[in-house]
Amino acid sequence: MKGAAIVHGENALEKTNRINALYDFYGPLLTDKQQTFLKCYFHDDYTLGEIAADFRISRQAVYEHLKRAEQVLEDYESKLKLIDRHERLHAGIDLLETQIAGLPNEWRESLTETAAKLRNAE
């Protein structure tokens, strides 16, 4: 993975997925520069050096911008808990769909439609 300078070891994919999820929920709340750097690094898989060259700043400056943006995203999640809510909601819908599958056929269609509406409500 090209973006491994900030994301270390076995948890690299997990951390990248976490940052991408945080960005999906809270990205618009970041500064333009934070959004750009996170997008380049985590979405487009640029290296720190590539970002630094594109923006004519040091790799250390890119690293610091990224770390600060990550912290801001985590701060938003710790306060607003939108990802936590999203994950709990989808886990509940998954459970509901499993339970619906065990019901008699005549009950399934209507309840399956309702579960689908809940899943698509976000």
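Tutor: An axis, as the word is used here, is a line fitted to C-alpha atoms, taken for a helix over the stretch in contact, and angles between N-to-C directions run from 0 to 180 degrees. The model we are reading is a predicted one.

Student: At what angle do α1 and helix α4 pack?
Tutor: Two packed helices are described by the angle between their axes and the distance between the axes. For α1 and helix α4, which covers residues 59-80, the axes are 10 Å apart. The angle at which these two helices pack is about 65°.

Student: Are α1 and α4 roughly parallel or roughly perpendicular to each other?
Tutor: The angle between α1 and α4 is about 65°, and angles from 65 to 115 degrees count as roughly perpendicular. α1 also passes α4 in a left-handed crossing. The relation of α1 to α4 is therefore roughly perpendicular.

Student: How many charged residues does the contact of α1 with α4 have?
Tutor: On the α1 side the contact is made by Lys-15, Arg-18, Ile-19, Leu-22, Tyr-23 and Tyr-26, while α4 brings Lys-67, Glu-70, Leu-73, Glu-74, Tyr-76, Glu-77 and Leu-80. When these residues are divided by class, 7 are nonpolar and none is polar, and the number of charged ones is 6.

Student: Which residues in α2 does α1 meet?
Tutor: Helix α1 (residues 12-26) and helix α2 (residues 32-43) pack at an angle of about 145°, with their axes 10 Å apart, and α1 passes α2 in a left-handed crossing. By class, this contact has 4 nonpolar, 4 polar and 1 charged residues. From α1 the residues Thr-16, Ile-19, Asn-20 and Tyr-23 take part, and the residues they meet in α2 are Gln-35, Leu-38, Lys-39, Phe-42 and His-43.

Student: What is the distance centre to centre in the aromatic pair of Phe-37 and Phe-55?
Tutor: The model has 4 aromatic pairs. In one of them Phe-37 and Phe-55 stand edge-to-face, with 65° between the planes, and this pair links distant parts of the chain, because Phe-37 is in helix α2 and Phe-55 in helix α3 (residues 48-55), 18 residues apart. Phe-37 is buried at a relative accessible area of 1%, whereas Phe-55, at 39%, counts as partly exposed. The distance of the two ring centres is 4.9 Å.

Student: What is the angle between the planes of Tyr-41 and Phe-42?
Tutor: Tyr-41 and Phe-42 are buried residues. Their rings form an aromatic pair with 4.8 Å centre to centre. The pair is edge-to-face, and the angle between its planes is 80°.

Student: Where is Asp-45 found?
Tutor: Most residues other than glycine have a negative phi. Asp-45, although not a glycine, has a positive phi of about 65°, and at 27% relative accessibility Asp-45 counts as partly exposed. Its place in the chain is the loop between α2 and α3.

Student: Is Arg-56 buried or exposed?
Tutor: Arg-56 is found in the loop between α3 and α4, and Arg-56 has a positive phi of about 55° although it is not a glycine. Its relative accessible area is 80%. With over 50% counting as exposed, Arg-56 is exposed.

Technical notes
Residues numbered from 1 in each chain as written. Predicted model: local features only at pLDDT ≥ 70, side-chain atom pairs only at ≥ 80, totals over all residues. Heavy atoms only, no water. Helix = DSSP H or I, 4+ residues; strand = E, 2+ residues; numbered from the N terminus. Left-handed = near helix turned anticlockwise from the far one by under 90°. Contact = heavy atoms within 4.5 Å. Nonpolar A, V, L, I, M, F, W, Y, C, P; charged D, E, K, R; others polar. Parallel < 35°, antiparallel > 145°, perpendicular 65-115°, else oblique. Phe/Tyr/Trp six-rings, centres within 6.5 Å; stacked < 30°, edge-to-face > 60°. Buried < 20%, exposed > 50% of the residue type's maximum accessible area, 1.4 Å probe, protein only.
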